[in-house]
Amino acid sequence: MKDIEQVKAHLRSQFERGRPILFTGAGFSSTCKSVSGDNLPVGTTLAKTLWSICFPSEPFDDGASLQDIYEAALSKDPRALKETLSRQLTVDPASVDERIVRYFTFPWHRIYTLNVDNLPDAVSRGFTLPRPLATVSLSNVGTNDDRRSAFQALPVIHLNGLMSDGPDKITFAATQYAKRLAFPDHLYLELVADIVSRPVVFIGTKLDEPSLWQHVEIRKARGTRDIREMRPGSYLVSPVLDRARASRLSEFNITWLQMTAEEFSEKVLKELTDARDAGLKLFKSGRDESGHAPQLAEVGTLATDPHRHSEFLLGQEPIWADIQSNRAIERACDKEFSETFTRLRAEKDKPRILMIAGTAGAGKSTCLMRLALRAAAQGDHVGWVDRDNELSPRDIISAMREEKGPSVLAIDDADIFGTSLSPMLYDIATEDRKPLVMIALRSGVIDRVIDSLLLKGVNIGEINVPHLTDGDIESLLDVLDRENRLGALKGKSRDQQCAKFREYAGRQLLVAMFSATSGEKLQDKAPSEFFDLPHGLQRVYAVICLSTTLRYRLTRQEILLALNDSTNEALNDIDTLVRRHIVAETTGGSIQARHRVIAEMIRDELLKRGQIADPIFGLAFMAATHKHSGVSRRHRANGLLRSLTNHDFLYRNLDLPRAQLLYQNLEDLLADDAHYWLQRGSLEVEFGDIRIAENFLNQARGLSPRDLYIDNEWAYLLFKKAHQNPRSTAATDYVAEATSTIEAIIQNPKAGPYPYHVLGSQGLAWSRVGIPSDEEKARYLNGLRTVVDSGVARYPKNNELRKLKEDLMREYLSLALSPPRS
């Protein structure tokens with residue numbers, strides 16, 4: 001048996017970060033008593049109890065299995081079976097040993113159990129616990145599961161169901177196992193990802209549950225001799241274990257600890273109270289295992305390690321140390337940016353926003369970080385929000401309104417907030433203290449997220465990041481030389497180096513650093529680097545790149561879930577990409593592509609080759625699993641899921657049949673999610689079957705009444721129904737309802753430009769098929785023009801609205817040139 005001190009040392013470091021998984025089997029609750037006063041029956045004892053239901057006058061058959069006896073009892077007398085299970089498996093809280101209770105006081109990431117008894121509920125009712133228990137029954141998912149965040153509660157997942165589900169829903173019988181084997185459960189897949197990426201303590205089980213083994217077997221052995229053991233060490237706590245089983249566990253990097261559950265509690269857990277308290281503090285603060293908390297970050301606490309190494313000069317995204325150490329050069333445009341910042345900073349009595357715009361890879365984030373550091377150096381309290389933010393707009397507004405809230409707020413990749421960005425900016429900029437707000441975003445998204453009408457009274461200083469000047473190139477070459485990163489430029493004269501920069505770079509910062517030093521064009525290098533990798537590494541890299549384009553950093557466990565590959569080989573593939581600096585790993589352990597531009601190039605190549613479907617399906621499953629498991633509403637996986645299930649995204653990247661298949665695959669996980677039904681219905685409205693669309697959108701409306709996005713799509717559907725049969729008596733009623741619905745929606749500042757476009761485009765189509773009179777058509781078109789004109793005034797840079805305005809004007813004027821119709 002492994003030295004107990006080594007076990008404690010290992011688990012101490014894991015509990016401090018809230019990483020371990022507890023997995024319990026029948027032996028875990030065997031010392032507890034039921035409400036009948038007997039010990040909870042397990043194995044043969046339970047089989048004999050159920051035998052009396054099936055064959056009360058016959059002696060017990062030692063050769064009969066528990067599964068067969070259970071199935072016979074279920075068939076013969078399900079009511080008696082239910083009563084027996086309730087009587088024998090309902091735990092008396094007073095009988096629970098304090099050593100067993102101790103398990104529920106530790107900071108487990110999750111608890112999985114094969115047991116159908118109610119021990120967790122009995123512990124919860126009989127004892128005060130540091131985290132409430134959130135019970136999920138795999139046999140009844142979606143009806144009785146507690147969706148509280150793991151930060152709020154400790155998830156306890158009953159893999160075989162709960163006795164309260166009813167005898168026909170808990171897993172005992174062979175036919176029930178067969179059904180489970182035929183249809184893998186998403187929670188089992190999540191369990192396997194947990195097992196391969198986290199330390200697990202197995203207690204009271206020999207791991208012979210069929211549906212579990214189906215997935216544990218995926219792990220197989222460590223792999224070939226030349227790959228490293230990446231699966232975290234885990235433990236099986238059991239007083240006895242046959243030699244063959246012990247040998248098998250070693251294949252999975254699981255160590256047998258020869259002791260009972262009670263002994264493990266006394267000899268190990270009791271000695272780790274300091275680690276327990278540290279882990280619980282982490283959960284209580286809402287932090288994840290990297291120590292990150294979902295609160296408004298401050299630049300003063302982020303930029304604390306100016307000597308931290310990075311490969312910014314080879315194309316990685318910037319970190320604070322790049323600016324502090326001068327790896328990120330001060331460019332010619334920074335002087336203009338600084339002057340604009342100084343001017344706006346001085347206007348303390350006015351609402352103001354500094355907007356940094358630029359093309360992909362131009363250096364927007366670096367410029368924003370430099371200004372944030374400058375503000376902090378001048379004594380400002382500077383808040384920071386970026387793509388890793390888990391705060392809602394409401395949370396950010398509340399933090400900025402606090403008495404000692406930041407006087408400056410910097411938001412990188414500001415378009416992550418979509419149409420909520422402008423209302424949030426307005427609320428913050430016009431707050432009593434008038435904080436200065438600085439944002440960075442791509443030029444191409446400004447018209448989609450900046451509401452000019454709403455922000456009319458706010459002073460917006462827009463500055464655009466230009467390409468590199470000759471002086472910038474000279475400075476960058478000096479830094480590359482100083483940091484020994486000249487690469488292919490080494491040994492060339494300065495004139496030759498500058499010429500190569502211009503040749504490869506087109507004077508764009510990211511392209512310049514990558515291409516000039518490698519001697520290849522980035523748009524050629526990035527895809528070739530991907531396709532030169534072995535297939536296993538390509539699978540991992542594709543998932544990471546797609547996730548990065550959607551501005552989501554992945555944990556190792558999430559990558560395994562997305563790949564549906566919980567093997568040591570998969571963990572080694574992830575590690576290989578990190579070690580070779582093909583992907584970047586943050587200090588918190590999350591993983592992303594080196595830069596979003598590189599990820600987008602690879603995504604585009606995968607799309608061109610028809611190889612994007614697997615990463616989309618995998619990431620969507622992973623994100624849906626997170627949501628179904630009850631993560632916090634602020635968890636970034638919810639945003640990722642919204643992006644991946646967006647109907648327009650799916651139609652552009654897949655096709656109609658495969659988009660429909662993805663929605664179908666996610667239905668069990670997202671059946672209670674209004675956004676899922678909205679997007680699924682929207683796909684059918686625009687590209688599929690209008691009758692199916694109506695059903696899906698009605699489900700969305702039922703789940704989330706008065707949702708402006710759902711109402712907008714419902715109006716779109718009504719227009720479509722009117723277009724299909726314009727002469728029907730219902731058509732004009734459809735159009736009237738759709739029009740009034742959208743007119744109400746556009747009064748909401750969060751509506752965005754899309755409702756204007758739906759009303760204008762669908763109204764135009766209706767005028768052509770549903771209004772025979774030119775005079776009536778002219779009146780109708782004039783009303784549409786008024787609405788769309790107000791939309792253009794509100795979103796002046798929206799090209800689709802500007803074109804729609806022209807189309808409506810053209811249609812309106814054409815009536816004057818054609819013979820009148822009545």
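In which sense do strand S2 and strand S4 pair, and over how many bridges? In this predicted model, residues 110–113 (S2) and residues 154–158 (S4) pair in the parallel sense, with three bridges between them.

**View 1. A parallel open sheet of seven strands.** The strand order is S3-S4-S2-S1-S5-S6-S7, and the pairing is parallel. Strand S3 (133–137) and strand S7 (254–257) are at the edges; each has a single partner strand, so one side of each has no neighbour in the sheet. From one strand to the next, the twist averages 20°. Within the sheet, S2 is joined to S4 by three bridges.

View 2. The order here is S8-S10-S11-S12-S9-S13, and the pairing is mixed. Strand S8 (297–298) and strand S13 (459–464) are the edge strands, each pairing on one side only. Inside the sheet, S10 (residues 382–385) pairs with S11 (residues 408–411) in the parallel sense over four bridges. Trp-384 has Ala-410 in S11 as its bridge partner. Helix H16, made of residues 364–377, lies across strand S9 (352–358), S10, S11 and strand S12 (436–442). Relative to S12, H16 runs at about 165°.

**View 3. The contact between helices H24 and H26.** Two packed helices are described by the angle between their axes and the distance between the axes. For H24 (residues 535–549) and H26 (residues 568–579), the angle is about 70° and the axes are 9 Å apart. H24 is therefore roughly perpendicular to H26. On the H24 side the residues are Gly-536, Leu-537, Val-540, Tyr-541 and Ile-544, and they meet Asp-573, Ile-574, Thr-576 and Leu-577 in H26. Sorted by class, this contact has six nonpolar, two polar and one charged residues.

**View 4. The contact between helices H34 and H35.** H34 covers residues 708–724 and H35 covers residues 729–745; their axes come within 8 Å and cross at roughly 155°. An angle over 145 degrees counts as roughly antiparallel, so H34 is roughly antiparallel to H35. The crossing of H34 past H35 is left-handed. H34 contributes Leu-708, Asp-711, Asn-712, Trp-714, Ala-715, Leu-718, Phe-719, Lys-721 and Ala-722 to the contact. H35 contributes Ala-731, Tyr-734, Val-735, Glu-737, Ala-738, Thr-739, Thr-741, Ile-742 and Ile-745. By class, the contact of H34 with H35 consists of twelve nonpolar, three polar and three charged residues.

**View 5. The contact between helices H36 and H37.** The axes of H36 (residues 754–770) and H37 (residues 774–794) come within 9 Å, crossing at roughly 160°. H36 and H37 are therefore roughly antiparallel to each other. H36 passes H37 in a left-handed crossing. The H36 residues in the contact are Tyr-756, Leu-759, Gly-760, Gly-763, Leu-764, Trp-766, Ser-767 and Arg-768. Those of H37 are Lys-777, Tyr-780, Leu-781, Leu-784, Val-787, Val-788, Ser-790, Gly-791 and Arg-794. Nine nonpolar, five polar and three charged residues make up the contact of H36 with H37.

View 6. The average pLDDT of the protein is 85, and 89% of the residues score at least 70. Over residues 142–150 the pLDDT stays under 50, and the model has 29 contacts for this stretch beyond four places in sequence. Residues 180–184 also have a pLDDT below 50; this stretch has 14 contacts in the model beyond near neighbours in sequence.

Technical notes. Residues are numbered from 1 along each chain as its sequence is written. This is a predicted model: local features need pLDDT of at least 70, side-chain atom pairs count only at pLDDT 80 or more; totals for chains, interfaces and linings use all residues. Side-chain values use heavy atoms; hydrogens and water are left out. Axes are lines fitted to C-alpha atoms, for helices over the stretch in contact, and angles run from 0 to 180 degrees between N-to-C directions. Helices (H or I, at least four residues) and strands (E, at least two) are DSSP runs, numbered from the N terminus. Angles under 35 degrees count as roughly parallel, over 145 as roughly antiparallel, 65 to 115 as roughly perpendicular and the rest as oblique. A crossing is left-handed if the near helix is turned anticlockwise from the far one by less than a right angle, and right-handed if clockwise. Contact means heavy atoms within 4.5 Å. Ala, Val, Leu, Ile, Met, Phe, Trp, Tyr, Cys and Pro count as nonpolar, Asp, Glu, Lys and Arg as charged, and the others, Gly among them, as polar. pLDDT is the predictor's confidence in each residue, from 0 to 100. Two strands pair if DSSP finds at least two bridges between them.
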